[in-house]
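Colleague: I'm new to reading protein models. Could you walk me through a few features?

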Amino acid sequence: MSNTKSTINAHHYQTLAIVAVSALIALLFIYEQSRAQQSLYYPTIINIAGKQRMLSQRISYLQHLVVTDGKSHYVRQWQSEMTRLIKEFDSSHKRLSAQLPFSEAFTLRLPAPVRSAYFDGASSVDVLVREFIQINQQTATSTENSYTFYTPAQSANLLFKLDEVVALFEQASVEQRRKEQIVDYIIWFLLMCLIALVLRSTFKPLKARVSAQEASQQETETALAAAKASADINEKQRNLYVAKLTHDLRSPISAIISILELLPNSRGESKTLIRHAEEACFRLLKYSDALSDIIKDRADYGSRRDFDLIALLDDVIAKAVNAAELKGLVFHMHCEDELPGEVIGYPQAMKKSMMNVLNNAVKYTEKGSITLTLSISQEAEQVFLTVSVTDTGVGIDEQYHQAIFKRFTQLFDTQANTYFTTGVGLAIAKECIDGIGGEISVKSALEQGATFNLRFPLQKVSTEGIQGRSVNEEVKFAVIDDLAISRQHLQKLVRSAGFSCDLYDSSTNFFDNKDRISSYTGLIVDYYMPGLNGEELVITLSAMLGDKMPTVIMVSASPDVANIVSNGPVKPWQVFTKPIMEPRFVDALQKLAEASGEPVAQANASILVVEDEQINAEMLGHMLTSMGYKTKIAANGQTALTLCTNYTFDCILLDIHLPDIDGLEVARQLKQREYPAEIVALSGDTEESTKQAAQEAGIRYYLFKPVPFQELNNTLKLVLSMNA
């Protein structure tokens with residue numbers, strides 16, 4: 001009886017203990033959820049604080065337009081936008097400075113440094129913002145041509161203060177997380193102590209079992225602590241890399257802002273300033289790609305499909321050659337085996353891996369050379385492409401040969417006697433290659449350069465039963481390019497158009513056959529070549545041949561060549577930047593074959609721009625007007641269809657992602673109507689499936705945003721020459 005009562009009491013105490021611990025855990029969970037909900041607001045606060053800078057810049061820009069061009073018919077539109085942006089700017093400022101509740105569920109309590117920045121002193125953020133709003137509201141509401149101008153010095157001071165507020169909010173966020181971690185540690189420690197006490201007093205008869213469980217729990221906690229320490233190290237290295245990248249991002253942004261401010265005051269140097277701004281924009285695009293890789297836990301290696309191996313290698317290698325030559329490095333390429341054309345594999349993974357390895361080779365090689373070797377091997381039914389990249393750079397200590405393939409690895413720089421973080425390039429290359437069943441390895445030693453070997457699995461596309469296109473030997477083009485893989489790619493494109501071609505690896509070799517030059521239908525010339533470059537070659541040929549000079553198509557891996565050529569003495573009919581858009585290139589060849597001399601585009605053409613982003617539409621409109629075209633703009637698909645019912649356009653520039661009707665659906669409906677205008681897609685969507693869908697919908701060419709001026713100009717010249 002006594003034993004039974006003791007058992008009942010023990011069971012009663014055990015139940016009460018379990019209930020008590022469960023209640024404590026539930027309270028902890030509720031507390032953590034509440035705290036997490038509060039923490040969610042800090043990224044929003046920081047984002048809004050950061051957006052204040054962009055809003056102030058846009059308002060200042062609009063004020064500048066109103067003040068300097070007060071007679072423009074756009075003034076009311078600018079003032080309307082100013083009014084809207086000032087209202088948003090004022091509302092965000094009051095929420096950030098706690099003058100208004102941040103939201104219905106959250107009231108912002110300003111940390112002392114932030115409150116001081118907002119309200120202390122004559123040059124506090126609140127004073128500057130009120131002054132900024134007052135001056136700009138006068139400009140936005142004035143109906144006369146007398147305005148108070150907010151000076152560049154005032155704008156710079158306000159931007160500095162807004163940046164300071166963002167930094168203070170970020171510091172406050174970090175401090176809050178640190179305090180929350182301390183509270184977490186204390187709560188969990190007290191919870192563990194309570195659990196241990198309950199277990200000791202309640203389950204005393206099971207002491208041995210409890211001891212074993214405690215030992216297991218200790219091991220788990222040790223493992224968790226080790227995992228947390230490792231995660232903290234990785235997070236710290238990641239933050240260091242992101243901080244560096246953020247600094248790198250600010251450099252081109254600052255350059256662009258400075259250039260925009262200089263342009264009205266330095267008109268004699270406008271071409272140079274614009275070229276620098278364009279270079280800064282290309283750097284921003286490069287950094288945006290790096291950011292997209294950082295935010296993903298694993299690299300995206302795309303889908304398995306058939307693709308043109310020669311075209312992919314040409315795009316990757318040509319860009320690497322261009323980067324190496326700009327740095328003064330010698331680039332060697334060797335191909336040990338005949339490369340297949342169409343293959344099945346993972347083109348996205350291959351391109352990303354090769355570009356990352358080649359970019360690293362150029363980045364860490366100050367002098368000497370880079371050598372690329374390609375070879376094909378076959379094992380059973382599997383084909384492998386091996387890419388070997390050898391540089392004469394700083395080399396890698398053997399102890400880091402595995403670590404460099406991990407994200408944000410910290411290495412020791414013996415020359416600088418300090419540590420640096422490697423980033424994600426090689427890690428992404430390995431993740432891509434591992435994901436598709438390939439291999440990557442490195443051989444290197446300090447001060448002895450490095451060799452990276454990349455092995456990609458491929459499958460040849462069967463050509464059995466497929467007849468190649470017949471070649472018209474009477475229409476012949478000349479390809480002049482110093483890079484073997486580029487010559488091979490261009491030859492393939494020419495033959496796919498149904499024409500023959502002769503290949504030349506240099507201007508000198510081309511001049512050795514000068515008697516044949518005038519017989520070519522067109523010349524396909526690489527801009528950057530050693531010795532006599534493409535521009536110098538064309539100038540010399542024009543002087544020699546005069547009216548018998550064949551039409552010129554210029555190609556290059558450098559994105560700025562189109563602008564360089566357009567402002568130079570040579571005016572080729574078309575300029576292509578790699579990767580070469582095959583449909584447009586083939587159309588250009590066929591148009592040359594049909595025409596007698598250089599094709600002429602349709603004069604006074606009418607073009608419809610379908611774009612929902614107002615600033616993009618405005619920029620496209622300005623581009624087209626400067627090219628001499630008449631333009632109408634539609635902000636959505638339904639408006640575009642209505643305009644096409646009432647007007648006949650010669651070409652349509654169509655955004656794929658529209659707010660109402662999808663751009664592809666607009667193209668399909670126009671195709672069903674047999675609308676005569678050619679359609680050119682403008683989109684930031686780089687997915688191969690989207691490009692294929694666009695082609696099936698009746699879209700002739702697919703251009704990626706942001707669309708360079710000269711690429712758009714060359715595309716329209718070709719499209720409109722078809723209707724001339």
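Modeller: Start with strand pairing: two strands pair if DSSP finds at least two bridges between them. Keep in mind that this is a predicted model. Here Asp391 stands opposite Ala450 in β9, and 9 bridges join β5 to β9, which run antiparallel.

Colleague: Which other strand is joined to β5, and by how many bridges?

Modeller: That's β4 (residues 369-379), joined to β5 by 10 bridges, again antiparallel. In this pairing, Thr373 stands opposite Ser388. β4 and β5 form a hairpin with 2 residues between them, and Ala380 in the turn has a positive phi of about 55 degrees.

Colleague: Is β5 largely enclosed or open?

Modeller: Buried means under 20% relative accessible area. In β5 (residues 382-391), 8 of the 10 residues are buried, so the strand is largely enclosed by the rest of the structure.

Colleague: Now salt bridges. What should I look for in Asp126 and Arg130?

Modeller: Look for a side-chain nitrogen of Lys or Arg within 4 Å of a carboxyl oxygen of Asp or Glu. The side chains of Asp126 and Arg130 meet at 2.8 Å, N to O. They sit 4 residues apart in helix α5, so about one helical turn separates them. Asp126 is buried at 9% relative accessibility, while Arg130 is partly exposed at 45%.

Note on methods
Residues numbered from 1 in each chain as written. Predicted model: local features only at pLDDT ≥ 70, side-chain atom pairs only at ≥ 80, totals over all residues. Heavy atoms only, no water. Buried < 20%, exposed > 50% of the residue type's maximum accessible area, 1.4 Å probe, protein only.
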